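Good morning, and thank you for making time for this.

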Amino acid sequence: MNITTQQRLATLQRIRKLSRLMDTAFRMPGTPFRFGWDPIIGLLPGLGDIINTFLSAYLLILALQFKLPRGILGWMIFNIVLEAIVGAVPLLGDFFDAYFKSNIRNLTLLEKHLYTVEPALVEVDRLNLVGTEAVHPEHLKEPALRSRN
């Protein structure tokens, strides 16, 4: 089943929003440190880590719509499994979740892949209004990211 560029962009935005909500929704006052709901939910004994792992898996399932290469998919799975295993350690795991941010890491992997193989998404979201990183003008000079005029 082929989906349109608009549907792909909507899926990407859904992944971005949920990743930010889970990993960077809040800022620690007086510091640049950001954290999300992931370490907070993880404070629930046992159940919190299961919920977080399922939410990360949901994001991975959404990302599968972009036909990721095995290498990127492997790193995304590794990030989720690592956070699930270390996150299961009481209290220490919650601090790890706050710093590791597997969902943001996976989002960055997805965005870098898409900016390389799907320039149409870059054209639609040229200002990267909802991306994890600013798209600098020199990055748009790369052949894969240049406008096809």
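This is a predicted model: local features need pLDDT of at least 70, side-chain atom pairs count only at pLDDT 80 or more; totals for chains, interfaces and linings use all residues.

Isoleucine 50 sits in helix α3, where helices (H or I, at least four residues) and strands (E, at least two) are DSSP runs, numbered from the N terminus.

Residues are numbered from 1 along each chain as its sequence is written, and side-chain values use heavy atoms, with hydrogens and water left out.

Now the overall layout. The protein has 8 helices and 2 strands, and reading along the sequence gives the pattern α-β-β-α-α-α-α-α-α-α. Of its 149 residues, 40% are buried. If we take contact to mean heavy atoms within 4.5 Å, then among contacts with a separation of 6 or more, 61% are between residues 24 or more positions apart. The protein exposes about 8900 Å², of which carbon and sulfur atoms supply 68%; these accessible areas come from the Shrake-Rupley method with a 1.4 Å probe, and for residues only the protein chains shown count as cover.

Isoleucine 50 belongs to a nonpolar surface patch of about 480 Å², made together with Leu44, Leu47, Ile51 and Phe54. Patches are made of residues with over 30% relative accessible area and no salt bridge, with like charges joined within 9 Å and nonpolar side chains (Val, Leu, Ile, Met, Phe, Trp, Tyr) within 5 Å.

In soluble globular proteins, nonpolar side chains tend to be buried together. Which residues have the most contacts inside the largest nonpolar core? They are Leu12, Ile15, Ala63, Phe66, Leu68, Met76 and Leu110, in a core of 19 residues, a core being a set of buried Ala, Val, Leu, Ile, Met, Phe, Trp, Tyr and Cys residues joined through side-chain atoms within 4.5 Å. The elements that give two or more residues to this core are α1 (5-23), α3 (47-63), α4 (70-87) and α6 (102-117), and α1 gives the most, with 5 residues. Leaving aside its neighbours within four places in sequence, leucine 110 is in contact with Leu12, Ile15, Ala63, Phe66, Leu68 and Met76.

Glutamate 111 forms a salt bridge with arginine 16, their closest N and O atoms being 2.5 Å apart. Because glutamate 111 lies in helix α6 and arginine 16 in helix α1, the pair ties together parts that are 95 residues apart in sequence. Both glutamate 111 and arginine 16 are buried.

Next come the aromatic rings. Rings of Phe, Tyr and Trp (its six-membered ring) pair if their centres lie within 6.5 Å, and planes under 30 degrees apart count as stacked, over 60 as edge-to-face and the rest as tilted. A search of the whole structure finds 6 such pairs. Phenylalanine 33 and phenylalanine 35 are stacked, because their ring centres are 6.4 Å apart and their planes are at 20 degrees. Tryptophan 75 and phenylalanine 78, by contrast, are edge-to-face, with 5.6 Å centre to centre and 85 degrees between the planes. Both of these residues lie in helix α4, 3 residues apart, which is about one turn of the helix. Tryptophan 75 is exposed at 52% relative accessibility, and phenylalanine 78 is partly exposed at 43%. Elsewhere, ring pairs link Phe26, Phe33, Phe35, Trp37 and Tyr99 into a cluster.

Finally, two loop residues deserve a look. Leucine 91, in the loop between α4 and α5 (92-100), has a positive phi of about 60 degrees although it is not a glycine, and leucine 91 is exposed, with a relative accessible area of 53%. Lysine 101, in the loop between α5 and α6, has a positive phi of about 55 degrees, again without being a glycine, but lysine 101 counts as buried at 13% relative accessibility.

Conventions. Buried means under 20% relative accessible area, exposed over 50%, partly exposed in between (1.4 Å probe, protein chains only). A salt bridge is a side-chain nitrogen of Lys or Arg within 4 Å of a carboxyl oxygen of Asp or Glu.
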